[in-house]
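Subject: Structure handover

Hi,

Here is the structure I promised to pass on. Please open it first, then read my notes below.

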Amino acid sequence: MSKFLKGNYDLPKRKKRSATSKRKKNLTDKFEESALAKLGGSLCFVMKKKTFLWEGDEGAETGEQTH
Amino acid sequence: MQRLASRLISLMPRLTVIRSSAKALENAQHNLPYGSRTILDLVNRLTPKGPKSAIVIAAGPSLHRKNPVRTILKNRYQGEVIAVDGALAYCLRNGLVPDYVVTLDPHPTRVCRWFGDPELESRPDDDYFRRQEMDPYLGIDEYARNRELIDLVNRHGPKIRAIISTSVAPAVTRRCLEAGMQLYWWNPIFDDVEDPESMTQRVYRLNKVPCMVSGGNVGSAAWIFAHQVLRKKEVALVGMDLSYTPDTPIEKTQYSKEIRDLFGERATDAFIRVHNPYLKETWYSDPAYYWYRQTFLQMAREADCVTFNCTEGGILFGKPIRFVPLLEFFNKRNRKRKRS
C-alpha cells in the first residue's frame, strides 16, 4: 500500500521543543498554580490505608525540642 | 459539571499545599512553647461507661437556618458535643457550652475572630466576615459583637477543651489560653506519614505531638477526632453543608472574590451544582468544598463509626452516611435506650 501513497515532498522535521520553551511553560504553570492556590482548602492532607491517627514510631528521630 | 470546576477539583490537593503548608509549618514552630498536653491524653482518660455518641457542630449555613442547638438542648442530649471554631460563638450565644472546640486553619488573623479577637480593632479592615453568611450575627456591628464574644468565650473558656492543631496561628493559641481553655495538641497529617522525609514526620520530630488526618477542613477534623480519639461509635453532624444554600448570591460565598479575580465572566463555571435527593433542592459548592465532600465520603467508608448527617442541608450524602433529621437521630437513640 505504501508504494501508492508516496508523497512528492518531504515532511518538515518536527522541531524538538527547546529547553527555553519548557522552562517558560514551567514558569507559567508555577505562576498559574500560585494564583489558583488562593482557592485551596484549609490544609492539605493525605490518608493512607486506614491510618487516621499516627502516634510516631520508635524509629522516628527525636527532635530539637519537645512540645 | 463544568470543565473548569472539574479541573480545579483535581488541582485542589496541590493548590492547598501551596496555599497553606508553609504557614502551617511556621506556626508549628511558633507554637512549640505552648504545648504540654496532646490528644492522646484524652484517649488515656476514656472510660468504658462514657457516652457512645457525639455531635459535631460545624459552621455551615444550615446552622443558622435550622438552629440545631435548640433541638440538642430540648432533647437533653447526654453525649459529647464537639464544635468547630466557627460554630463556637453560635453555640455559646444559644446557651450550649461545647465539651470541645476544634481549630485547624493556619490563617494569621481570621481564625482568631471565632474566639473573639482582642486585636480586631487595630487590624487592617477585612470584609471576609461581612461578605459571608457563616455567622451572620458577627457580620453586623462587628466591633461591638466581637467584644461581646470575647466576654462570652472568657466566661465559658475554662469549661471547654481546645483540640488545637499545631498549624494554627500563635494568636489563636494565646487567645485560647487567655480564655482559660485547656489545650490538647495534634499535628495534621500533611503527606505520606510513613516516609521519614515527609513534612508530617518532620513536624513530628520537632514537637513529638501525635498526628491526625484532618480531612482538609476543621469540620472533617472534628468528626475524625470524635471517632478516632474519643472512640465514638455514633457521630452526628450538624452544620456540615460543605456548600451554599440555593439562594446564596455568589458574592456571599467564601472564595467569590478570588474566583471572580481569576476567571472574570467565567466565574460561575467554577461552581458545582449538586441536587440533594433528600431535600429535593439543588445546593451549590466551590471546588474546595466539593473536594472536602468527596474525601469525606471516602474517609467515612474507612471509619469505625456510624455517621449521621443531621445537617438538614448541603451536599454531604451518599454511602455510608445516613442523612436524617436531627430529631430522628434523637428518637432512634431514645428507642434504643428504652429497649435496653
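The cover over the buried residues of α7(B) includes α1, β3 (100-103), α6 (142-156), β4 (161-165) and β5 (182-188), which belong to chain B. Note that this is a predicted model. Helix α7 of chain B spans residues 170-178. Its buried residues are Pro170(B), Ala171(B), Val172(B), Thr173(B), Arg175(B) and Cys176(B). After α7(B) comes Gly180(B), with a positive phi near 85°.

Next, the nonpolar cores. The largest one has 102 residues. Which of them touch the most other members? They are Ile55(B), Ile57(B), Ile82(B), Trp223(B) and Phe225(B). Take Ile57(B) as an example. Leaving aside residues up to four places away in sequence, Ile57(B) touches Leu63(B), Val69(B), Ile72(B), Val81(B), Ile82(B), Ala83(B), Val84(B), Ala87(B), Cys91(B), Leu96(B) and Val238(B). There is also a second, separate core of 28 residues. Among its members are Tyr128(B), Ile164(B), Ala169(B) and Val172(B). Val172(B) is also one of the buried residues in α7(B). In general, nonpolar side chains in soluble globular proteins tend to be buried together.

Two helix pairs in chain B deserve a look.

From α1(B), Ser21(B), Leu25(B), Ala28(B) and Gln29(B) take part in the contact. They meet Met199(B), Arg202(B), Val203(B) and Leu206(B) of α8(B). By class, this contact has five nonpolar residues, two polar and one charged.

Ser220(B), Trp223(B) and Ile224(B) sit on the α9(B) side of the contact. Phe296(B), Met299(B) and Ala300(B) meet them from α11(B). The contact of α9(B) with α11(B) holds five nonpolar residues, one polar and no charged ones. Trp223(B) also belongs to the largest nonpolar core.

Last, chain A. Chain A has 67 residues, and 22% of them count as buried. Its secondary structure is one helix and one strand. The accessible surface of chain A is about 6000 Å². Carbon and sulfur atoms account for 53% of that surface.

Best wishes

Notes: Residues are numbered from 1 along each chain as its sequence is written. Chains are lettered from A and ligands numbered from 1 in the order in which they are written. This is a predicted model: local features need pLDDT of at least 70, side-chain atom pairs count only at pLDDT 80 or more; totals for chains, interfaces and linings use all residues. Side-chain values use heavy atoms; hydrogens and water are left out. Contact means heavy atoms within 4.5 Å. Helices (H or I, at least four residues) and strands (E, at least two) are DSSP runs, numbered from the N terminus. Ala, Val, Leu, Ile, Met, Phe, Trp, Tyr, Cys and Pro count as nonpolar, Asp, Glu, Lys and Arg as charged, and the others, Gly among them, as polar. Buried means under 20% relative accessible area, exposed over 50%, partly exposed in between (1.4 Å probe, protein chains only). Accessible areas come from the Shrake-Rupley method with a 1.4 Å probe; for residues, only the protein chains shown count as cover. A nonpolar core is a set of buried Ala, Val, Leu, Ile, Met, Phe, Trp, Tyr and Cys residues joined through side-chain atoms within 4.5 Å.
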